[in-house]
Amino acid sequence: MKIAIASGKGGTGKTTFTTLFAYANRPALYVDTDVEEPNGHFFLKPEITEEKDFSELVPEIKDDKCTFCGICADECPYKALVIIKPTKKWLFFPELCHSCGICSYVCPEKGALVEVPRKKGIIRKGKAGDVRFLGGLLNLGEPTAVPLISAVKREIKDDEKVIIDAPPGTSCPVVEVLRDVDYVLLVSEPTPFGIHDLSLTVELVRDLGKPFSIVENKYKEGNTSLEEYAKKENIEIIYRIPFEEEIAKGYSKGELPFARFEQGMKELYQKIERRLK
Amino acid sequence: MKIFITSTGNSLKSKVDPKFGRCDYFIIYDTETKEFEAKENPYKAGQSSVGISLAQTVIKTGSTVAISTNFGPNAHRVLKEGDIKMYKADEDMTIEEAIKNYLNGKLKEVMSATSHEQADKIFPHHNE
């Protein structure tokens with residue numbers, strides 16, 4: 001079973017919840033797909049056992065074969081290639097290139113434009129006790145996280161308990177993570193901003209047709225704003241983490257109350273499992 | 001020789017547009033025929049790479065000089081490699097004045113791009 005934890009707004013407690021949840025349900029695989037700013041490893045502190053480069057193909061032009069016709073640059077949807085006919089020069093802007101391959105497809109001169117691998121990030125594997133760790137780390141300035149997220153996903157074996165930490169937001173990287181999971185937990189906080197962004201993510205998850213529930217983080221008795229939203233939208237708040245200074249203090253030191261939430265989160269997993277049977 | 005100038009409007013009385021890639025219009029002035037052509041910048045509202053696109057336009061139009069107030073790093077790189085000389089006109093100058101000043105050797109050549117940090121200060125809302 002694959003369960004993804006998403007949020008919409010950043011900083012609602014995705015990683016706090018996901019790492020606690022993975023620990024409580026060990027043996028499990030924890031996957032950090034927030035490749036632009038992964039942080040699950042700060043709390044799980046896995047021993048990294050394998051690290052490999054993630055590369056994608058980018059164009060390289062051979063000056064002796066290129067006729068500077070400019071077709072590759074004209075067809076590049078991201079303007080990552082510039083061909084300057086009068087001075088017979090070519091420029092490549094790697095931070096704009098999405099490795100789509102159109103340039104090499106349209107180049108009419110054999111051997112003038114070749115595709116070469118360029119490292120865009122890494123994939124890491126490790127283990128923290130009975131929690132296996134898998135995650136990606138994208139190089140700074142890369143235009144899109146999606147290809148690395150896809151590559152991380154390819155490392156997941158289907159027969160495991162898979163707990164996936166999704167990136168924040170509601171754009172392509174999140175869609176790439178949520179599209180083939182079995183269940184989605186949306187971690188939210190009872191603040192106007194939190195609820196607003198949650199509502200956007202709810203729309204997305206509904207579009208994807210995934211079963212989902214809300215996890216309320218920073219829950220405080222008396223603040224019913226998230227509860228009211230959930231009621232109105234007919235969504236279950238399936239779990240709550242209280243708003244406590246101690247939890248925040250621990251978080252700031254990379255320490256989470258694993259034991260305290262173990263039983264509750266084990267039951268939560270079983271509840272979802274029963275629901276999906 | 002053709003001069004490419006970023007402009008806020010479509011006449012020689014218009015002011016110079018201080019942003020190269022996201023200028024409203026551009027004017028190409030031919031120093032031999034003394035005629036000009038004004039065009040709307042098709043990349044003005046583009047999501048990204050607008051400087052690169054407009055710099056390629058400069059080269060494609062056969063202009064050899066580009067006048068603006070601020071050239072971004074990507075645009076600057078393309079224009080430089082295309083052997084286009086870049087000159088700085090203050091933004092309160094009209095196109096006419098900018099051309100005159102250029103022809104009289106009064107404009108300063110732009111040797112380096114306006115960085116993102118500088119652009120944030122000059123155009124506080126340019127990324128919105």
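Me: Which helices of chain B each supply at least two residues of the lining of the largest pocket?

Reply: The model is a predicted one, and its largest pocket has a volume of about 960 Å³. Of the 31 residues that line this pocket, the closest to its centre are R22(B), S48(B), S49(B), V50(B) and H116(B). The helices of chain B that each give at least two residues to the lining are α1, α2 (73-81) and α4 (116-122).

Me: How many charged residues does the lining of the second largest pocket have?

Reply: The second largest pocket, with a volume of about 430 Å³, is lined by 23 residues, and those closest to its centre are G11(A), T12(A), G13(A), T16(A) and Y251(A). Among the elements of chain A that give two or more residues to this lining are α1 (14-24) and α9 (245-252). Divided by class, the lining has 9 nonpolar residues, 8 polar ones and, as the number asked for, 6 charged.

Me: Which strands of the open sheet of 6 strands in chain B stand at the edges?

Reply: The order of the sheet is β3-β2-β1-β4-β5-β6 in chain B, with mixed pairing. Each edge strand has a single partner strand, so one side of each is left without a neighbour in the sheet. The strands at the edges are β3 (36-40) and β6 (108-109) of chain B.

Definitions and conventions:
Residues are numbered from 1 along each chain as its sequence is written. Chains are lettered from A and ligands numbered from 1 in the order in which they are written. This is a predicted model: local features need pLDDT of at least 70, side-chain atom pairs count only at pLDDT 80 or more; totals for chains, interfaces and linings use all residues. Side-chain values use heavy atoms; hydrogens and water are left out. Two strands pair if DSSP finds at least two bridges between them. Helices (H or I, at least four residues) and strands (E, at least two) are DSSP runs, numbered from the N terminus. On a 1 Å grid over the protein atoms alone, a cavity is a set of points where a 1.4 Å probe fits but cannot get out, and a pocket is an open set with protein on both sides within 12 Å along at least five of seven lines; lining residues have an atom within 4 Å of a point. Grid points are joined across faces, edges and corners, and a volume is the space filled by probe spheres set on the points. Ala, Val, Leu, Ile, Met, Phe, Trp, Tyr, Cys and Pro count as nonpolar, Asp, Glu, Lys and Arg as charged, and the others, Gly among them, as polar.
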